[in-house]
Amino acid sequence: MCAQALDVDGVAVSVLAGNGLSEVLWCSEGASARLEELQFTLGQGPGPEVGVCCAPVVVPDLARVPAGRWPALLPEAAALGIGALFCFPLHIGSACLGTLTLQRTAPGPLADTTMTDAWLVANALTALLVKGGPQLDAFAAAEEGAEFYRAVVHQASGMVSVQAGVPVAQALLRLRAHAFRHGRPVTEVAEDVVARRLSFRDDGNGPATAAGEGTEGP
């Protein structure tokens, strides 16, 4: 209903968890869910940009975005059939708590009244995040996949940091690079690290898999 009211095809809400990571609190099935996973894996897209600048990112025509802005994300988003993206910060002053991301198949700007409505939704969500309580719990439980599941990436980043002897921020970059190279979600790679099926000990040959365990994606 929210997507219909805002004249888009999908909606996603994420909260920022620090260290360049985010958690999906709720999203529409299909392209929106896949887009959130891609942004999380690649560290590129409107969501990460909004998290840094705490200002809206409005892209009425994805095909007109310079390739260098989101080099890895753009072809993937196009393959999902996404033609326009609109991302709003959930913020208090200059502190960004999360993002509201709208996606639409057809390119084109949002009407002025729709932009106003989108800001109203973003502000209402911000109030929920700040206040918490039963309303936030009910919102987070609206979908089966709404539970926080990216804590494993935090844990894996810490393990990779120790294994490779690098800062946690660089460890996260290594996780993301490995996931992108093998065409896998970063959460799956993180699960392999935590389960000790994959190690990033720097022996000059790159990440190593445990004997008998495959981690290659498609």
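Reader: Which residues of α9 are buried?
Author: This is a predicted model, in which local features need pLDDT of at least 70, side-chain atom pairs count only at pLDDT 80 or more, and totals for chains, interfaces and linings use all residues. Residues are numbered from 1 along each chain as its sequence is written, and side-chain values use heavy atoms, with hydrogens and water left out. Helices (H or I, at least four residues) and strands (E, at least two) are DSSP runs numbered from the N terminus, and buried means under 20% relative accessible area, exposed over 50% and partly exposed in between (1.4 Å probe, protein chains only). In α9 the buried residues are Val186, Thr187, Val189, Ala190, Asp192 and Val193.

Reader: What covers the buried residues of α9?
Author: Contact here means heavy atoms within 4.5 Å. The cover of the buried residues includes α2 (31–42), α7, α8 (168–181) and β6.

Reader: How is α7 placed against α9, oblique or roughly parallel?
Author: Axes are lines fitted to C-alpha atoms, for helices over the stretch in contact, and angles run from 0 to 180 degrees between N-to-C directions. The axes of α7 (residues 151–164) and α9 (residues 186–194) come within 8 Å and cross at roughly 55 degrees. Angles under 35 degrees count as roughly parallel, over 145 as roughly antiparallel, 65 to 115 as roughly perpendicular and the rest as oblique. Therefore α7 stands to α9 as oblique.

Reader: Which classes of residue form the contact of α7 with α9?
Author: From α7 come Val152, Val153, Gln155, Ala156, Met159, Val160 and Gln163, and they meet Val186, Thr187, Ala190, Glu191, Val193 and Val194 in α9. Ala, Val, Leu, Ile, Met, Phe, Trp, Tyr, Cys and Pro count as nonpolar, Asp, Glu, Lys and Arg as charged, and the others, Gly among them, as polar. By class, this contact of α7 with α9 has nine nonpolar, three polar and one charged residues.

Reader: How do α8 and α9 cross?
Author: Their axes come within 9 Å, at a crossing angle of roughly 115 degrees. That makes α8 roughly perpendicular to α9. Leu175, Arg176, His178 and Ala179 of α8 make the contact with Val186, Val189 and Val193 of α9. The residues of this contact of α8 with α9 are five nonpolar, one polar and one charged.

Reader: Is serine 199 buried or exposed?
Author: Serine 199 belongs to strand β6 (residues 198–199). Its relative accessible area is 19%, so serine 199 is buried.

Reader: Which residue's backbone oxygen does the side chain of arginine 104 reach?
Author: Arginine 104 sits in strand β5 (residues 95–104) and is buried, with a relative accessible area of 8%. Its side chain reaches, at 3.4 Å, the backbone oxygen of aspartate 7.

Note on methods: A polar contact is a pair of N or O atoms within 3.5 Å; within protein, one must be able to donate a hydrogen and the other to accept it, and residues adjacent in sequence count only if both atoms are side-chain atoms.
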